[in-house]
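Trainee: Hi! Could you walk me through this one while I have it open?
Mentor: Happy to, let's look at it together.

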Amino acid sequence: MNTLDAGMLRKLFLDGANNLSNSKEYINELNVFPVPDGDTGTNMTLTLMAAAADVKEQKEPTIDSIAKAVSGGSLRGARGNSGVILSQLFRGFCKEIRGKKELNLVDIASGMQRAVETAYKAVMKPKEGTILTVARGMAERASEFVQVDETRSVLEFLEDVVAYGEEVLKHTPEMLPVLAEAGVVDSGGQGLIEIMKGFLIGLRGGTVETAEAGSVRLARGAGILDDIPKARPVYTTGSGNDNISTADIKFTYCTEFIILLEKELSDEQVEELKEYLLSIGDSLVCVADEELVKVHVHTNHPGNAFEKGLEYGALTRMKVDNMKEEHSERVLMDQERQKADEQEEAFRQIKLERKQQAAAPVKTKKYGFVAVAAGDGISSIFGEVGVDYVLSGGQTMNPSTDDILKAINAVNAETVFVLPNNKNIIMAADQAANICKDKTVIVIPSKTIPQGISAMIAFSDIAEAEDNRREMTAAIETVKTGEVTFSVRDTSVEGNSILKGDIMGIDDGGIRAVGKDVAAVTAEMIEGMVDDDAGLITLYYGEDTAEADAEALRAGLLEKYEDVDIELHSGGQPIYYYIVSVE
């Protein structure tokens with residue numbers, strides 16, 4: 001085979017996407033920092049699967065239709081920096097191949113070169129030793145190959161290119177010392193190689209199917225949405241025995257999530273979703289209306305339930321509880337029944353409010369705000385300082401470009417400021433801003449929750465947009481941020497030898513403290529952040545931190561820092577025991 005037609009291109013893309021999906025957990029484990037948000041593999045997979053959904057619909061594909069589906073799907077589905085870079089690689093490749101009836105080796109090599117150029121331009125400060133380096137190495141090898149002999153088969157061509165890419169990947173630790181210290185190659189580069197290996201399997205006559213056991217990694221905690229629709233009959237299964245013991249629990253994980261539907265599901269699609277969830281669990285509650293689907297299921301494979309949900313739209317409010325750790329199943333079930341009743345009433349109220357809002361004329365504001373945050377307390381704080389739309393997300397689940405774009409469009413304002421509040425979301429926010437055409441979008445590059453709050457406080461409703469951009473951006477530079485979480489594996493990073501389960505205090509400069517006690521690590525981290533200019537320490541305690549423990553920590557800090565004001569807020573955030581700011 002010396003060329004690729006549209007049908008083969010479609011197949012290879014799906015093989016590559018599936019191979020990436022099957023490898024995502026391995027890729028996640030390559031992340032250098034052992035925090036419970038190592039999600040490069042997950043972000044790249046969700047990005048590519050968004051495009052794969054569009055590609056699957058191409059029953060009579062052309063090169064142009066495949067290029068449009070891959071480019072548009074990956075662009076809107078991009079999550080995290082790795083996902084955005086991956087989407088830009090495919091966007092550049094697709095631009096180059098448009099207008100072709102089939103692709104020869106020169107076309108493919110030119111597309112790879114265009115892909116690299118597009119991706120490098122999209123990154124403000126490209127760093128070598130990353131996915132960009134691996135992509136560039138393969139593109140250069142592809143160009144060299146066709147200059148020598150452009151008549152060989154596509155398989156021989158890609159075998160040579162991928163082999164060279166693997167060699168480049170092996171050398172990434174030499175370019176980034178942090179990789180060498182952790183003893184890993186670049187995770188994004190590995191993800192790109194897995195995609196290319198999927199292409200090779202397809203060229204050799206095989207087909208890559210998504211592994212049944214494959215699952216998206218979950219970090220602890222995600223919150224529960226209290227406004228749950230009850231538009232269609234609730235379908236449940238289970239023994240009905242309230243006296244069940246933990247030893248009798250067949251399915252360990254109580255799994256909940258919301259699907260934000262891309263389009264309303266038919267009755268047949270709802271039944272298909274229910275049947276699948278029952279095949280992997282029991283105690284199912286599946287409720288749908290025109291916009292949302294609420295899922296509750298007991299299963300041993302929460303990731304499989306999430307993967308199924310992603311077929312219908314974006315996920316939010318994900319929550320996984322180990323029921324065997326509960327004191328009794330009866331207590332849990334009683335809580336769930338009460339919760340369901342409360343949720344039904346809340347949903348009716350929300351529906352009524354939506355109808356009232358839709359009927360009332362709305363005046364377009366001059367300025368509006370979107371912030372990304374996780375935790376009810378933090379979301380409430382952003383609302384108090386003027387944010388119109390708080391998009392659920394953060395470390396454990398980076399919102400996609402399309403998620404951010406939908407949030408922007410939901411704000412009725414001429415100019416919308418977006419606060420990503422996470423360094424891994426800034427690129428997706430920038431991408432959403434570039435796509436939006438009917439309003440001005442300004443992304444303030446906030447990397448942490450405290451930075452986002454400080455930026456909002458610096459905003460002035462009487463100032464011009466560009467003046468606000470400068471003031472808000474300047475404000476985020478005045479805040480020091482620290483976060484306290486736990487290690488998910490043994491590793492060595494930044495000179496610290498870290499064991500799985502260790503508590504880590506991470507500030508703007510990296511890992512500041514490591515230990516076994518949350519309060520002690522938090523205090524040690526804060527000690528490194530406080531200087532003579534410090535006037536305010538703010539603590540946001542997470543969902544896994546008791547209020548009494550937070551109050552005790554604050555009391556100890558007040559004794560130590562007599563001249564510094566110390567504020568305490570319930571953030572309710574998952575993953576992080578504390579988020580701390582020093583100003």
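Trainee: Let's start with the largest cavity. Which element gives the largest share of its lining?
Mentor: That is α5, which contributes six residues, the largest share of the lining of the largest cavity. Keep in mind that this is a predicted model.

Trainee: And what is the volume of the largest cavity?
Mentor: The largest cavity has about 440 Å³. A search of the whole structure turns up two cavities of 30 Å³ or more.

Trainee: Which residues lie nearest the centre of the largest cavity?
Mentor: Phe90, Phe93, Met112, Met196 and Phe199 do, out of 25 lining residues. The elements that give two or more residues to that lining are α1, α4, α5 (80-97), α6 (105-122), α7 (131-148) and α11 (187-203).

Trainee: OK, pockets now. How much space lies in the second largest pocket?
Mentor: About 1,400 Å³. Its lining is made of 40 residues, and Met49, Ala53, Leu310, Glu311 and Tyr312 lie nearest the centre.

Trainee: Which elements give two or more residues to the lining of that second largest pocket?
Mentor: They are α1 (6-22), α3 (40-56), α4 (63-77), α12 (267-279), α13 (302-310), β4 (313-322) and α16 (401-410). Of these, α3 provides the largest share, with seven residues.

Trainee: How do β14 and β15 run, parallel or antiparallel?
Mentor: They run parallel, and six bridges join β14 to β15, which spans residues 565-570. If you want a pair to click on, the bridge partner of Tyr540 in β15 is His569.

Trainee: What about β16, how many bridges does it make with β14?
Mentor: Five, and that pairing is antiparallel, with β16 covering residues 578-582. There you can find Thr538 opposite Ser581 of β16.

Trainee: Which helix goes with β14 and β15 in a β-α-β unit?
Mentor: Helix α21, residues 547-560, and the unit the three make is right-handed.

Trainee: Which loop holds Asn421?
Mentor: Asn421 is in the loop between β7 (413-419) and α17 (426-435). Asn421 also has a positive phi, about 60°, without being a glycine. With a relative accessible area of 5%, Asn421 is buried.

Trainee: Last topic, aromatics. How many aromatic pairs does a search of the whole structure find?
Mentor: Nine aromatic pairs. There is also an aromatic cluster to look at, formed by Tyr367, Phe369, Phe417 and Phe459.

Trainee: And which ring does Lys308 lie over?
Mentor: Lys308 lies over the face of Tyr276, at 5.3 Å from the ring centre.

Trainee: Great, thanks for the tour!

Terms used. Residues numbered from 1 in each chain as written. Predicted model: local features only at pLDDT ≥ 70, side-chain atom pairs only at ≥ 80, totals over all residues. Heavy atoms only, no water. Phe/Tyr/Trp six-rings, centres within 6.5 Å; stacked < 30°, edge-to-face > 60°. Lys NZ or Arg CZ within 6 Å of the ring centre and 35° of its normal. Pairing = 2+ DSSP bridges. Helix = DSSP H or I, 4+ residues; strand = E, 2+ residues; numbered from the N terminus. Right-handed = clockwise from strand over helix to strand, strands pointing away. 1 Å grid on protein atoms, 1.4 Å probe; cavity = no way out; pocket = protein on both sides within 12 Å on 5 of 7 lines; lining within 4 Å. Points joined across faces, edges and corners; volume = space filled by probe spheres on them. Buried < 20%, exposed > 50% of the residue type's maximum accessible area, 1.4 Å probe, protein only.
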